[in-house]
Amino acid sequence: MRHEKLAVFSLKKIIKLIFLLVVVSIASFWLVEQAPIDPVKIYIGAMSVTPEQKAILEDYWGVNTPAREKYLNWVGNILKGDLGDSLIYRMPVSDVIKERFTASLVLMASAWLLSGIIGFVLGIVAGMKNGTWVDKAIKTYCYILLATPTFWLALVMLLVFSVYLGWFPIGLGVPIAVAAEDVTLLDRLKHLILPTITLSLLGVAAIAMFTREKLIEVMSSDYVLFAKARGEKGFGLVLRHGVRNVALPAITLQFLGFSELFGGAVLVEQVFSYPGLGQAAVEAGIRSDVPLLLGIVLISTVFVFIGNLIADIIYRFVDPRIKQQEMRT
């Protein structure tokens with residue numbers, strides 16, 4: 001029975017992902033079509049070409065092809081595994097995305113883990129100290145973080161810790177003027193630390209406030225009151241009855257934050273010149289690299305969908321009580 005439920009659930013999710021990708025691809029392609037972008041002009045740049053060569057390039061990029069036919073050609077190529085060629089990197093879009101997504105994945109995974117741990121700990125402390133100055137201080141800190149623009153925070157972190165204090169490198173993913181084979185793991189970690197801390201700070205507030213509210217709710221429940229009557233108290237009581245019940249909903253919330261994580265990564269990578277997918281998306285947008293921009297849109301859609309899917313799996317199969325509680329409230 002459980003296997004049947006899992007099969008139905010998987011089938012529904014696959015259909016939903018296909019439908020989502022179709023909608024996103026149509027919407028993004030239509031928006032790009034409305035923009036005054038000339039792919040031939042972007043491709044040749046300052047080069048001098050003959051009218052015949054320009055006509056060949058216009059035919060290659062489908063300048064005069066109707067939008068519907070162009071879209072169907074694009075989708076047909078995607079189904080064959082071809083996302084097209086990047087205009088600014090002069091290489092297949094799939095290769096650009098593969099290279100940049102690897103760097104972004106390291107950054108986002110580090111920030112996601114760090115923000116989850118810090119946010120959870122702050123939420124537990126605030127919940128335990130409910131109503132005290134510690135609780136108020138953590139809430140104030142979270143409210144400030146929630147109201148802080150990502151771009152501004154990244155600039156401040158860069159100015160303070162890289163420019164003035166000199167504790168971390170000023171941007172980029174590797175040292176300047178160093179051959180790729182000479183770049184060490186330590187070099188990469190040094191360049192990764194500050195963007196990771198900046199990106200993780202953005203996710204701390206939501207998880208901390210959620211954990212605090214859940215812990216207060218759990219600690220006022222009947223079974224905790226019964227545990228107190230049996231003599232349990234202090235951190236042991238919170239650990240046995242609070243943390244265990246709050247951890248899973250908090251992890252679920254973290255997975256639901258994939259879209260915010262990706263959006264924050266775009267801005268952080270741009271400020272720190274970190275060579276990830278977010279920076280490539282900004283470059284593609286500014287320099288009108290349509291194939292790369294559309295490819296990144298599709299990949300980011302799948303990335304966010306996977307995050308929501310994991311959260312949904314936790315809801316339905318790992319701990320169905322979470323969903324039941326939300327349905328009652």
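A search of the whole structure turns up 5 salt bridges, a salt bridge being a side-chain nitrogen of Lys or Arg within 4 Å of a carboxyl oxygen of Asp or Glu. This is a predicted model, so local features need pLDDT of at least 70 and side-chain atom pairs count only at pLDDT 80 or more, while totals for chains, interfaces and linings use all residues. Residues are numbered from 1 along each chain as its sequence is written, and side-chain values use heavy atoms, with hydrogens and water left out.

| Pair | N to O distance |
|---|---|
| Asp312 and Lys13 | 2.7 Å |
| Arg212 and Glu213 | 2.5 Å |
| Arg287 and Glu283 | 3.5 Å |

Take Asp312 and Lys13, which form a salt bridge. Asp312 sits in helix 13 (residues 290-318) and Lys13 in helix 1 (residues 2-34), so the pair ties together parts that are 299 residues apart in sequence. Helices here are DSSP runs of H or I with at least four residues, numbered from the N terminus. Both Asp312 and Lys13 are buried, where buried means under 20% relative accessible area, exposed over 50% and partly exposed in between, with a 1.4 Å probe and protein chains only.

The other two pairs look like this. Arg212 counts as buried because its relative accessibility is 6%, whereas Glu213 is partly exposed at 44%. In the remaining pair, Arg287 is partly exposed at 44%, and Glu283 is partly exposed at 23%. Arg212 and Glu213 also belong to a network of salt bridges that takes in Asp135.

Asp135 leads us to helix 6, where Asp135, Ile138, Cys142 and Leu145 are buried. Seen down the helix axis, the buried residues of helix 6 fall within an arc of 95 degrees, so they line one face of the helix; the arc is that of the directions from the axis to the C-beta atoms. An α-helix has 3.6 residues a turn, so residues three or four places apart point the same way. On the other side of helix 6, Trp133, Lys136, Ile144 and Ala147 are exposed. The cover over the buried residues includes helix 5 (93-128) and helix 8 (185-219), with contact meaning heavy atoms within 4.5 Å. As for length, helix 6 (residues 133-147) has 15 residues and reaches 21 Å from its first C-alpha to its last, close to the 21 Å expected at 1.5 Å a residue, that is, 1.5 Å times one less than the number of residues.

On a 1 Å grid over the protein atoms alone, a cavity is a set of points where a 1.4 Å probe fits but cannot get out, a pocket is an open set with protein on both sides within 12 Å along at least five of seven lines, and lining residues have an atom within 4 Å of a point. The largest cavity holds about 40 Å³, a volume being the space filled by probe spheres set on the grid points, which are joined across faces, edges and corners. Its lining includes Phe168, Pro169, Lys190, His191 and Phe272, and helix 8 gives the most, with 4 residues.

The second largest pocket has a volume of about 430 Å³. Of its 18 lining residues, Leu202, Gly203, Ala206, Glu260 and Leu261 are the closest to the centre. Helix 5, helix 6, helix 8, helix 10 (234-256) and helix 11 (258-272) each give two or more residues to that lining, and the largest share, 5 residues, comes from helix 8.
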